[in-house]
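Here are my notes for a colleague opening this entry for the first time. Please read them with the structure in view.

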Amino acid sequence: MSFDTIDDLDPGQRVLVRLDLNSPVEDGTVQDNRRFERHAETVRELAERGDRVVCMAHQGRPGDDDFVSLRQHADILAEHVGRDVRFVPDTYGPEAVEAIEALDDGEILLLENVRMCEDELPEEDPGVKSRCEFVRTLAEHVDAYVNDAYSAAHREHASLVGFPLVLPAYAGRVMESEYEANTAIASRTFDGQVTMVVGGTKATDVISVMEALDEKVDQFLLGGIAGELFLRAAGYPVGEDVAGMDLFDDQWEANADTIRSVLDERGDAITLALDLAYEDDDGERAEIDVEDVEEKTQGFLDVGSDTVEAYDAVVRDSEAVFVKGALGLFEDERFSVGTVGVLEAIAETDCFSVVGGGDTSRAIEMYGLSEDDFSHVSIAGGAYIRALTGDSLPAVDVLVEAANERDGGSA
Ligand SMILES: Nc1ncnc2c1ncn2[C@@H]1O[C@H](COP(=O)(O)OP(=O)(O)O)[C@@H](O)[C@H]1O
Ligand SMILES: O=C(OP(=O)(O)O)[C@H](O)COP(=O)(O)O
């Protein structure tokens with residue numbers, strides 16, 4: 001049994017749609033990326049059927065630089081949908097309700113960043129979330145709920161798990177296709193070596209599933225923040241915050257025990273960077289062997305060239321390669337060597353390959369690679385690797401349960 005989709009939803013209704021428009025923000029400017037393009041398909045389809053489309057989404061996490069309003073997202077989404085998208089700077093208060101009530105058939109509205117609403121975050125079970133004021137209020141002003149945010153489906157947040165308990169709930173087109181692709185991938189087995197490239201900034205997400213992927217992955221190639229944390233656990237003087245950073249120390253506290261136990265138990269399956277890259281005094285890329293680092297005084301922004309060479313060889317020996325997170329700050333060309341090097345090696349071989357993550361998948365387009373050279377490019381990062389473990393995702397579970405209950409009820 002699976003969830004119901006838009007095909008099961010009668011047109012002409014007021015529909016609340018959860019998208020994942022979480023995007024890179026550079027100097028306050030929201031960067032267009034594949035999430036807009038993909039979600040635009042769902043939004044356009046609903047609007048063209050005559051639905052009144054109320055979109056909600058999140059951006060960043062409270063306290064982070066990329067925790068900003070969704071005003072810019074509305075304009076970018078509108079370009080991709082090819083229709084106006086109104087924006088209201090409110091999540092569920094009177095202004096939001098008024099804007100929802102004012103919609104005509106085929107019109108689209110985007111509510112403010114749901115993480116600005118207190119009820120959205122902490123993770124709690126769907127029953128609790130369904131009773132919060134945010135969910136109860138919005139549910140009164142719409143007829144149905146569509147969840148299209150597969151890439152956030154590993155979070156038990158109000159906008160993701162609360163509504164299916166109080167409204168008829170359906171999966172959007174992105175939810176449908178990502179779920180199908182990632183579930184199918186999770187059940188595949190391979191005769192040859194399976195490699196996972198682990199990088200990015202959300203080390204906690206990846207480290208927590210590395211243990212669970214024990215059986216499925218033969219080699220982990222590490223970079224990004226997780227890579228430095230593993231180097232720290234291996235005794236190198238790296239993997240800590242310096243100069244106003246906020247990437248390492250909290251994630252070290254949360255994961256040090258797991259990292260040590262993964263290193264203990266699967267050390268043979270884990271390849272760490274041999275060298276790291278940083279910005280020198282002239283603003284140029286410079287590299288240092290990890291063995292030569294005496295003290296971390298500035299950020300390491302990429303893996304070094306020897307590491308890329310070593311990872312390239314492992315990739316070329318693999319039957320399947322899964323990528324979660326970039327090996328460096330690839331948005332800056334000087335620090336794109338690791339990420340692009342590994343992606344190029346994958347593209348040049350005929351291994352089965354999946355590249356996931358809203359940020360990481362952007363590197364493919366930025367550096368002129370073709371999506372056709374990868375078996376699947378997912379706009380989900382954390383959700384896709386969680387799915388690889390075979391675990392279900394809370395926001396998918398509630399959609400399935402809602403469909404089961406409807407079936408049971410009408411039987
Ligand atoms: N050493 C590093 N220092 C700073 N940022 C990094 C580093 N390595 C990777 N990144 C950043 O990680 C981001 C991807 O992180 P993450 O959100 O975990 O992955 P995704 O969105 O692909 O799932 C990229 O935007 C990249 O710039
Ligand atoms: O970008 C996301 O996840 P990803 O970086 O794992 O692809 C989702 O929007 C979830 O965001 P969150 O990790 O702040 O909950």
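1. Lys324 makes a polar contact with ligand 1: a polar side-chain atom of Lys324 sits 2.8 Å from an oxygen atom of the ligand. A polar contact here is a pair of N or O atoms within 3.5 Å; within protein, one must be able to donate a hydrogen and the other to accept it, and residues adjacent in sequence count only if both atoms are side-chain atoms. Thr360 also uses its side chain, with an N or O atom 2.3 Å from an oxygen atom of ligand 1. Phe300 uses its backbone instead: an N or O atom there is 3.0 Å from a nitrogen atom of ligand 1. On its own, ligand 1 has 580 Å² of accessible area, and the protein covers 91% of it. These areas come from the Shrake-Rupley method with a 1.4 Å probe; for residues, only the protein chains shown count as cover.

2. A word on the basis. This is a predicted model, in which local features need pLDDT of at least 70 and side-chain atom pairs count only at pLDDT 80 or more, while totals for chains, interfaces and linings use all residues. Residues are numbered from 1 along each chain as its sequence is written, chains are lettered from A and ligands numbered from 1 in the order in which they are written, and side-chain values use heavy atoms, with hydrogens and water left out.

3. How many residues surround ligand 1? There are 21, counting a residue as near if one of its heavy atoms lies within 4 Å. Among the closest are Thr201 and Glu331.

4. Now ligand 2. It has 13 residues around it, and Asp20, Arg61, Arg155, Lys202 and Gly382 come nearest. A backbone N or O atom of Gly382 is 2.7 Å from an oxygen atom of ligand 2. For Gly381, a polar backbone atom is 3.1 Å from an oxygen atom of ligand 2. Asn22 contributes a side-chain N or O atom, 3.1 Å from an oxygen atom of ligand 2. The protein covers 95% of the 390 Å² of accessible area that ligand 2 has on its own.

5. Finally, the strands (DSSP runs of E, at least two residues, numbered from the N terminus). Six of them form an open, parallel sheet, ordered S11-S10-S9-S15-S16-S17. Strands S11 (270-271) and S17 (376-378) are at the edges with a single partner strand each, so one side of each lacks a neighbour in the sheet. Pairing takes at least two DSSP bridges. S9 (residues 194-198) and S15 (residues 320-324) run parallel and are joined by five. Val197 has Val323 of S15 as its bridge partner.

Technical notes:
Helices (H or I, at least four residues) and strands (E, at least two) are DSSP runs, numbered from the N terminus.
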